[in-house]
Amino acid sequence: MYDFLIAPFTEFEFMRRALVGALALAVGGAPVGVFLMLRRMSLTGDAMAHAILPGAAVGFLFSGLDLFAMTVGGIVAGFTVALSAGLVARSTELKEDASLAAFYLVSLALGVLIVSFKGSNIDLLHVLFGSVLALDNATLILIAAIATISLFILAVLWRPLVLECVDPNFLRSVSKAGAPTHLAFLALMVLNLVGAFHGLGTLLAVGLMMLPAAAARFWAKDLTSMMIVAIVVAILSGVIGLLVSYHSGAAAGPAIILVAGVFYAVSLVLGPIGSLKRLWAPGRHLEA
Amino acid sequence: MTAALNFRNVTLGYDRHPAVHHLTGTVAAGALLAIIGPNGAGKSTLLKGIVGAIPTLDGVIERAQARREDIAYLPQIAEIDRSFPITIYDLVAMGLWRRAGLFGAIARGERDDIEKAISAVGLEGFESRTIGTLSGGQMQRALFARLLLQNAQLILLDEPFTSLDAKTISDLIDLIRRWHGERRTILIVLHDLDLARAQFPETLLLAREVVAWGKTPEVLTAENLLKARQMCEAFDRHAEVCETDLA
């Protein structure tokens, strides 16, 4: 048992680093994922993950596989797309999803074009699928810092964020915080995706954000417990995914996301609240 | 008589088309005013204009309660996301926004206020249920509890009685009469003419423009109501620029 569960982490430093990285990503990303889901923006994360690609690619073009350049590039590209899409949605008739789709598609095409100018397929694979088993100190600090900032900002924005989801008109009638809150939340999503993309790559980064959130929906009735379930599921996915990868030799990033996918599937079938369970085991009706 | 609201030649609308056209008039402080008119008459638009949710196309709305936190506004129920996992208690507690703001804590005394507001609308025992489990009437009661906590001098209600049963309506009317007794100013959009005649001393009959405004029995005459129905024609896509003020 010890050999199976603990030894991989005590014996190999790269596994310890991967563990720390995965935990930080789980703690920072899962709550953001829950809000994305509740705001019916589940696919927005995916779109944004594509949108940060050209920024990272420009960074890559100038400095190769350099942490700082690719991070700054990703953040700039992500913020640009998120903010422009948000502003267009708020000030024109175009809805948020359409406006975001327009921006991210252009951004993605630009990214692939830039990568194709310089660099090989291997470089492209690194950007797309990350390298959770090769996290250096600087990357770990970056990911941990992003998780910390993310939790802090969520705590500060909690009230307006919830209210903007439930009753945006009410928020508008008592406060001007609506628009800034929305934009800050989009910024938070970008930060988390940029952090996750070093570990899991741009395409898988969204997985650790959305799958635990979607799974949590089947276990919790109120927002707070939903957050806790999502974080726990994300952490477990990270740990189990790394172990699976270690013992089977499978790629670590996809393994983590697939474990999260298994959690989701189990929740979908067995979760106590609003899952498929009510189709095959509806239970007798109650007295009142 | 002090004015709670003063409209000076106010035009509100969407995409330059007026939904409320050249509205001029005054709402006295402490008034209990029913706003009546056919669909598309600009009733909801007028309330949104007063809260500042949409800008005026023309004219000025002067408010005695200048800060937006001093206005309590209940929009039509359809605009609330009922699937969001939030409890009744938390929803009602949002009424304390003016005191608690973005980050302020909710003090012990205020917890009592929240409980009192919830029981005032007859929802004791529902505190920890999520809003998705409420019926339409219970949801409206919860929103009235939130209005109670907002403790505002100017209260705007947009069709609060739509699809409610008689008991719920009469309970909510009692709350409104209590606010009226406390000299708060209340504007309420209604479709029920009998209710307006029975409960609301003043009425504004709106059909994009003011048809009549004053004591309810004098406003709600057969002649005025017919006029209101006829005035509310569809938007004209090729409408000319309105020249009223230029002339």
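These legends describe close-up views of a predicted model.

**View 1. The fold of chain A is built from helices.** Chain A holds 15 helices and zero strands. Its C-alpha atoms fill a box of roughly 65 × 55 × 30 Å along the principal axes. The radius of gyration of chain A is 20 Å. A compact globule of 288 residues would have a value near 19 Å, so the two agree.

**View 2. Burial and contacts inside chain A.** Of the 288 residues in chain A, 49% count as buried. Now take the contacts in chain A between residues at least 6 apart in sequence. Of these, 72% join residues at least 24 apart.

**View 3. The largest nonpolar core has members from chain A and chain B.** This core counts 163 residues. Five of them touch the most other members: A:M48, A:I52, A:A230, B:I35 and B:L156.

**View 4. A close look at A:A230.** A:A230 is one of the core residues that touch the most other members. Which residues is A:A230 in contact with, leaving aside its neighbours within four places in sequence? They are A:A30, A:P31, A:G33, A:V34, A:P212, A:A213 and A:A216.

**View 5. Where chain A and chain B touch.** Chain B gives 21 residues to the contact, and chain A gives 20 residues. On the side of chain B that touches chain A, two elements give two or more residues each: strand 5 (71-74) and helix 3 (97-100) of chain B. How do the residues on this side of chain B divide into nonpolar, polar and charged? There are 14 nonpolar, two polar and five charged.

Terms used
Residues are numbered from 1 along each chain as its sequence is written. Chains are lettered from A and ligands numbered from 1 in the order in which they are written. This is a predicted model: local features need pLDDT of at least 70, side-chain atom pairs count only at pLDDT 80 or more; totals for chains, interfaces and linings use all residues. Helices (H or I, at least four residues) and strands (E, at least two) are DSSP runs, numbered from the N terminus. The radius of gyration is taken over C-alpha atoms; the globule rule is 2.2 Å times the number of residues to the power 0.38. A residue is buried if 20 or more other C-beta atoms lie within 10 Å of its own, exposed if 12 or fewer, and partly exposed in between; C-beta atoms are placed from the backbone. Two residues are in contact if their C-beta atoms, placed from the backbone, lie within 7 Å. A nonpolar core is a set of buried Ala, Val, Leu, Ile, Met, Phe, Trp, Tyr and Cys residues joined through C-beta atoms within 7 Å. Ala, Val, Leu, Ile, Met, Phe, Trp, Tyr, Cys and Pro count as nonpolar, Asp, Glu, Lys and Arg as charged, and the others, Gly among them, as polar.
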